[in-house]
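Here are my notes on the model you sent over.

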Amino acid sequence: MFNRPLGQAGLASGAGFGVKGKGKRNLAATVMLTSLVDTFSVLVIYLLVNFSTTGELLYMSEGMELPAAAKAIELERNVVVKVEKDKLYIEEEEIPTTQLVKRLLDVKQNWEKYYPDTEFTGAMTIQADRRQAYDLLSHVIQAGGHAGYSDINFAVIRK
Amino acid sequence: MFGSKKTKKAVNTEVDLVAFISLLSVCICFLLLTTIWIQIGSMNVKQAVGGQAASGKPKPEMWVVMDKEGELAFKLRHAPRKFVKTFGNSKIAGVDGKPDFVELANYLGKLTGAYSDLSMALIRPAEKTPFEDIIQVMDVFREQGIQDLGVTPL
């Protein structure tokens, strides 16, 4: 009864409306499973290609917009100093501006405690909103220089 | 062919597509939930003051001073005199308070086309220069082949 696809059902011919002399036509439609599987496979491949194995390295606050850059390189895990609304944070802990050098030195001296299984490379990531004025960023760069972080990475969104 | 009346057994097997579709559906759900859509990267820079090791012959470098009105002033140092004369003291006026990135790309394209040894630029932003403008200027430099970038603290 349900062996024929809808295209052969012949609704226009009056099948299923009591017309004598003709058999009941099939109204069930067959799903094209092959094309469905193809679509799913393409989707899975696309998502696997875009899948990031490095994990989430930065915590993005609400309203924070990073600047965009085309020639950005891959972000690596190191000390993150966040500049948000004229406040400074090291790994989400608010730091007074005057205490930044001291706190960065503390992180450097106790590196194993804060970042186990990694080595200190002198790199620091600065995460700031795209509208942030340079004066506070300059303060962070200087503090990093004083504390031995000469390699500065600005967090950006890849274009 | 030889008069045998035995019928041939069908050798075709059907793949169970329903199970396969279920597996793919689970994969798609998992990947949609865990994929990070925003690709975060980093722009690597060095501190322009005190960051370089002293060496015998100084490398050619470009100093860029960013004005708060978006004007860019260039100074070429440790380069042959003919390039310093042509490109050494140039300025690009800002557009609507922002640097003119198109003009900057043109200028750097001409400079690197004529003098390919230049690979270092040191950027000095103004106090109120937005972070976005600094990053865009760096991006244009990298796009034009100048890879070693530094920023000067105020």
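1. Is helix 4 of chain B mostly covered or mostly uncovered? Mostly covered: 11 of its 13 residues are buried, where buried means under 20% relative accessible area, exposed means over 50%, and partly exposed is in between (1.4 Å probe, protein chains only). Among the buried ones are B:Phe131, B:Ile134, B:Ile135, B:Val137, B:Met138 and B:Phe141, and the list also includes charged residues such as B:Glu132, B:Asp133, B:Asp139 and B:Arg142. Helices here are DSSP runs of H or I with at least four residues, strands are runs of E with at least two, and both are numbered from the N terminus.

2. Some housekeeping. This is a predicted model, in which local features need pLDDT of at least 70 and side-chain atom pairs count only at pLDDT 80 or more, while totals for chains, interfaces and linings use all residues. Residues are numbered from 1 along each chain as its sequence is written, chains are lettered from A and ligands numbered from 1 in the order in which they are written, and side-chain values use heavy atoms, with hydrogens and water left out.

3. In chain B, helix 4 spans 18 Å from its first C-alpha to its last, close to the 18 Å expected at 1.5 Å a residue; the expected span is 1.5 Å times one less than the number of residues. Helix 4 of chain A (residues 134-147) has 14 residues and reaches 20 Å, close to the expected 20 Å. Its buried residues include A:Tyr134, A:Leu136, A:Leu137, A:Val140 and A:Ile141. A glycine with positive phi, near 95°, follows in each case: B:Gly145 after helix 4 of chain B, and A:Gly148 after helix 4 of chain A.

4. Now the interface. Chain B brings 41 residues to the contact and chain A brings 50, with contact meaning heavy atoms within 4.5 Å. The buried area is about 4,000 Å², and carbon and sulfur atoms give 69% of it; that area is the accessible area (1.4 Å probe) that the two parts lose on being put together, summed over both. B:Ile40, B:Ser42 and B:Phe131 supply 17% of what chain B buries against chain A, more than any other three residues.

5. Polar pairing across the interface comes to 16 residue pairs in polar contact, both at pLDDT 80 or more. (A polar contact is a pair of N or O atoms within 3.5 Å; within protein, one must be able to donate a hydrogen and the other to accept it, and residues adjacent in sequence count only if both atoms are side-chain atoms.) On the chain B side, helix 1 (17-34), strand 1 (40-47) and helix 4 (131-143) each supply at least two residues, and helix 1 gives the most, with 10.

6. Which salt bridges join the two chains? There are 2 between chain B and chain A, a salt bridge being a side-chain nitrogen of Lys or Arg within 4 Å of a carboxyl oxygen of Asp or Glu. A:Asp135 pairs with B:Lys128, closest N and O atoms 3.1 Å apart, and A:Arg130 pairs with B:Glu132 at 3.3 Å. The second pair runs from the loop between strand 6 and helix 4 of chain A to helix 4 of chain B. Shared partners join A:Glu65, A:Asp129, A:Arg130, A:Arg131, B:Lys98, B:Glu132 and B:Asp133 into one network.

7. Within chain A, A:Glu65 and A:Arg131 form a salt bridge at 3.7 Å, linking loops 66 residues apart. A:Glu65 is partly exposed at 36% relative accessible area, as is A:Arg131 at 46%. A:Arg77 and A:Glu91 also meet in a salt bridge (3.4 Å, N to O). A:Arg77 lies in the loop between strand 2 and strand 3 and A:Glu91 in the loop between strand 4 and strand 5, so this pair ties together parts 14 residues apart in sequence.

8. Two more residues to look at. A:Arg103, in helix 2 of chain A, is buried at 16% relative accessible area, and its side chain makes a polar contact with that of A:Asp106 (3.1 Å). A:Lys71 sits in the loop between strand 1 and strand 2 of chain A and is in contact with B:Met43, B:Asp139, B:Arg142 and B:Glu143.

Methods: Lists of a residue's contacts leave out its neighbours within four places in sequence.
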